[in-house]
Structure formats: structure tokens, C-alpha cells
Amino acid sequence: MASQGDNVVVSSVNLEKLLCMKGGKGEASYANNSQAQALHARAMLHHLLETLDRVRLTSSEVPFQVVDLGCSSGNNTISTIDVIIKHMIKRYESSGLEPPEFGAFFSDLPSNDFNTLFQLLPPSANYGGSMEECLAASGHRNYFAAAVPGSFYRRLFPSRSINVFHSSFCLHWLSQVPESVVDKRSRAYNRGRVYIHGAGEAVAEAYKQQFRKDLADFMRARSQEIKNGGSMFLACLGRTSVEPTDQGGAGLLFGTHYQDAWDDLVREGLITREKRDTFNIPVYAPSLQEFKEVVEANGSYTINKLEIFKGGSPLVVNHPDDAAEVGRALANSCRSVSGVLVDAHIGDRLSEELFLRVERRGTNHAKELVEKLQFYHIVASLSFA
Ligand SMILES: C[S@@+](CC[C@H](N)C(=O)[O-])C[C@H]1O[C@@H](n2cnc3c(N)ncnc32)[C@H](O)[C@@H]1O
């Protein structure tokens with residue numbers, strides 16, 4: 001993994017190799033900074049269960065395969081898989097059918113910290129025993145686990161092999177920073193900014209087109225992999241504004257204090273303007289309409305639900321009145337998701353300086369952050385006939 005980062009231009013190929021949430025179990029790791037996602041997932045649980053209720057039950061002879069796309073490393077993905085499999089077992093049992101064996105695939109980009117994830121997995125139940133014994137073994141996992149490295153914007157599984165796809169808080173990550181946004185000769189060069197939020201029209205168009213292409217690729221790949229009768233549950237950041245340059249919560253996260261911290265580095269002579277301008281966060285929170293257009297254009301899925309709703313703050317703090325804690329939470333939250341890209345772009349030492357400034361600025365604006373930082377999520381429940 002790059003750590004000096006002096007001249008790493010994050011192209012599509014590099015992004016796939018580089019991008020991951022911060023691994024391990026340290027203070028700024030994703031495992032330690034994903035409680036907000038856990039809370040937001042809990043608020044959407046009924047949508048997930050409704051999606052699972054639509055999955056066609058299969059013969060007990062054939063393994064039932066579940067995938068979490070963009071699993072990252074931490075407990076969230078393990079809880080999700082647990083919920084999905086327990087719910088499916090209940091459905092089999094209440095239909096008087098013998099549950100099949102279950103397989104769970106944890107999938108993410110190759111740099112993901114799969115080691116930490118595997119250490120967090122509960123021990124496997126004894127599959128040498130009967131199925132009843134296995135399902136009754138509490139504190140154990142009743143599925144076969146495997147990791148699948150690769151981008152979800154391409155094929156990851158054999159045709160018609162998967163019963164349930166799940167993906168939470170991932171599809172706003174683009175496959176790449178749109179090329180024109182970091183090309184000095186382009187109208188869409190994002191001069192002075194590190195994110196789409198507050199940028200010009202050409203930048204907005206470049207991000208929007210990238211999102212459309214990426215989601216279309218995702219939908220196409222999954223429509224080949226999902227079994228007839230299978231379902232897919234997707235949740236990602238969304239925005240309520242029609243204007244792509246108003247990215248809502250993501251805009252407040254990456255377009256204000258984070259942006260100011262990059263500007264600090266330039267003002268203090270620690271990096272050049274160009275160095276800042278060639279860094280862009282490859283995140284795009286779509287509107288519901290934008291998301292819907294791509295799913296409809298694909299045409300393979302029945303849309304059971306497609307909604308946007310208020311998810312809450314990405315900052316989980318014990319004492320909202322403690323400005324220092326809020327500042328630290330902001331810096332850790334930004335670092336857990338973008339730290340690896342920042343390290344690659346400006347190196348570890350300057351990355352440390354950047355996040356110190358994010359923390360300071362977050363501390364100075366703690367009240368506003370607590371009041372205003374809200375994420376909206378797009379939730380999609382799709383079935384494949
Ligand atoms: C914010 S984390 C979400 C983790 C987890 N799903 C949760 O709910 O806590 C986003 C994850 O998406 C992954 N991701 C982003 N782009 C991806 C891609 N093209 N293919 C596969 N995974 C990707 C990242 O590596 C990261 O682990």
C-alpha cells in the first residue's frame with residue numbers, strides 16, 4: 001500500500017487497488033468508527049426483512065447463498081449476515097420446509113482488511129452434526145463463510161448463483177474520480193476544491209455521469225449473478241436537493257471543514273494548490289430520481305421499494321456538548337473512510353497534519369455539526385423474477 005504518496009494520481013485502476021476503509025481496530029479504524037452506520041442499518045431493518053420475505057424459498061438440497069457487497073471490516077457486516085440467515089431459516093421453518101445449508105460471501109475491494117474481519121467472525125457451528133444441532137448452536141455461525149475480493153462494478157460471482165445480495169453504505173463510492181475533474185485542461189477541473197459540493201456545473205455533470213455509469217455497471221453485473229426468485233437490498237447515501245453540487249450530509253462532511261483543512265495546508269505552504277486540486281473524494285450522493293432512472297433503464301428488476309429517508313448523523317458522540325469530542329469524532333469519521341486515499345496522495349505525515357486541522361475546525365464548529373450534520377439514505381428493495 002502506498003504511504004509516501006508524493007505523486008500518486010488516483011486513477012480508476014489505482015482507486016480499486018487503494019480504496020478501503022481504515023483497517024485494524026485502532027482509534028481511526030472503520031471497525032471503531034462505524035457505530036453510526038450500525039444505527040442507521042438498524043433503522044432500516046424492517047425494509048431488509050421485507051426484502052427477504054420476497055425471496056423465493058429453494059430446495060433444501062441446494063445451498064442458499066448470501067452476499068454482502070462492500071462489507072468492510074468490522075461487526076456491521078457480521079450482524080447483517082446473521083440477521084439475513086436467521087430470518088431465512090425462520091421462513092423455511094414456518095413454511096414447514098427443511099432449511100438448506102447457507103453460504104455467506106463477504107465481498108470488498110482487495111485492500112480491505114479481511115484479516116480483521118475474519119478474526120471477528122463467530123466460530124463456525126459443527127457441521128459434522130445434524131442440521132438441527134447446527135442451527136441451535138447459539139453464539140456460533142450457521143453458515144460457511146468466504147471472502148470475495150473485487151469491485152462490485154464488475155462480475156464477482158458465477159451466473160445465477162446468488163439468492164440474496166445486500167449492500168449498505170457503499171454505492172455512493174464511485175469506481176473512480178471522474179478523469180476530467182483532475183485534468184487541468186478540462187472545463188470540469190475542480191480548481192480549489194476536493195469534492196463536488198459547492199463546485200461548478202461541469203464538475204457536477206462529470207460526477208453525475210460517473211455515478212450513472214457505475215450504477216448501471218453494478219445493476220448489469222448483479223442481474224447476471226442473481227438467481228431467479230432472488231432479491232437485493234441496497235442502501236447508500238442520497239441527497240434531497242435536485243442540485244448535485246448540494247450533497248447534503250456528505251457535503252457537510254467533505255465540503256466544509258475538511259475542505260478548509262486542505263486549504264490550511266495550502267496557505268501554510270505544506271502542499272501546493274495543484275496538489276490539493278488533484279485530490280477529489282470519489283463519493284456521489286444521488287437524488288432518488290437519478291437512482292431510479294438507472295434501475296429502470298436496466299429493466300431486469302421489480303422495484304418493491306425505492307425511497308429516500310433521513311438516516312441520522314454520521315457522528316456518534318457520548319457528550320454532544322463536549323466540543324473536543326465532536327471535533328475528534330469528525331476527524332476520525334473522515335479519516336476512517338478517506339484516510340487511506342489521503343495517505344496515498346500526500347503521504348502519512350501530511351495526512352496527520354490534515355486530520356489535526358479537521359479536528360480543530362470540527363471542535364470550533366461543534367454546535368453546528370451536532371445540529372446540522374444529517375445523512376439521507378436511498379433504500380432499494382429489488383427482486384429478480
Ligand atoms: C462505508 S463502508 C460500508 C461498510 C459496511 N457495509 C457497513 O455497512 O458498515 C463502504 C465500503 O464499500 C467498499 N467499496 C467501495 N467501492 C467499492 C467497489 N467498487 N467494490 C467493492 N467494494 C467497494 C469500501 O471499500 C468500503 O469497505
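User: Where is the place of His365 in terms of helices?

Analyst: His365 sits in the loop between helix H12 (323–364) and helix H13 (366–372); helices (H or I, at least four residues) and strands (E, at least two) are DSSP runs, numbered from the N terminus. This is a predicted model, in which local features need pLDDT of at least 70, side-chain atom pairs count only at pLDDT 80 or more, and totals for chains, interfaces and linings use all residues. Residues are numbered from 1 along each chain as its sequence is written.

User: Does His365 count as buried or exposed?

Analyst: A residue is buried if 20 or more other C-beta atoms, placed from the backbone, lie within 10 Å of its own, exposed if 12 or fewer, and partly exposed in between. His365 counts as buried because it has 20 C-beta neighbours inside 10 Å. Its C-alpha lies 8.8 Å from that of Val326, at 39 residues apart in sequence.

User: What is the order of the strands in the open sheet?

Analyst: Two strands pair if DSSP finds at least two bridges between them. The seven strands follow the order E3-E2-E1-E4-E5-E7-E6, with mixed pairing. Strands E3 (144–149) and E6 (302–312) stand at the edges with a single partner strand each, so one side of each lacks a neighbour in the sheet.

User: How many bridges join E5 to E7?

Analyst: Eight bridges join the antiparallel strands E5 (residues 226–238) and E7 (residues 375–383). Ser231 has Ser383 in E7 as its bridge partner.

User: Which residues are closest to the ligand?

Analyst: A residue is near a molecule if its C-beta atom, placed from the backbone, lies within 6 Å of it. Of the 23 residues that surround the ligand, the closest are Gly70, Ser72, Asn76, Cys170 and Trp173. Helix H2 (35–43) and helix H4 (75–94) each supply at least two residues of this shell.
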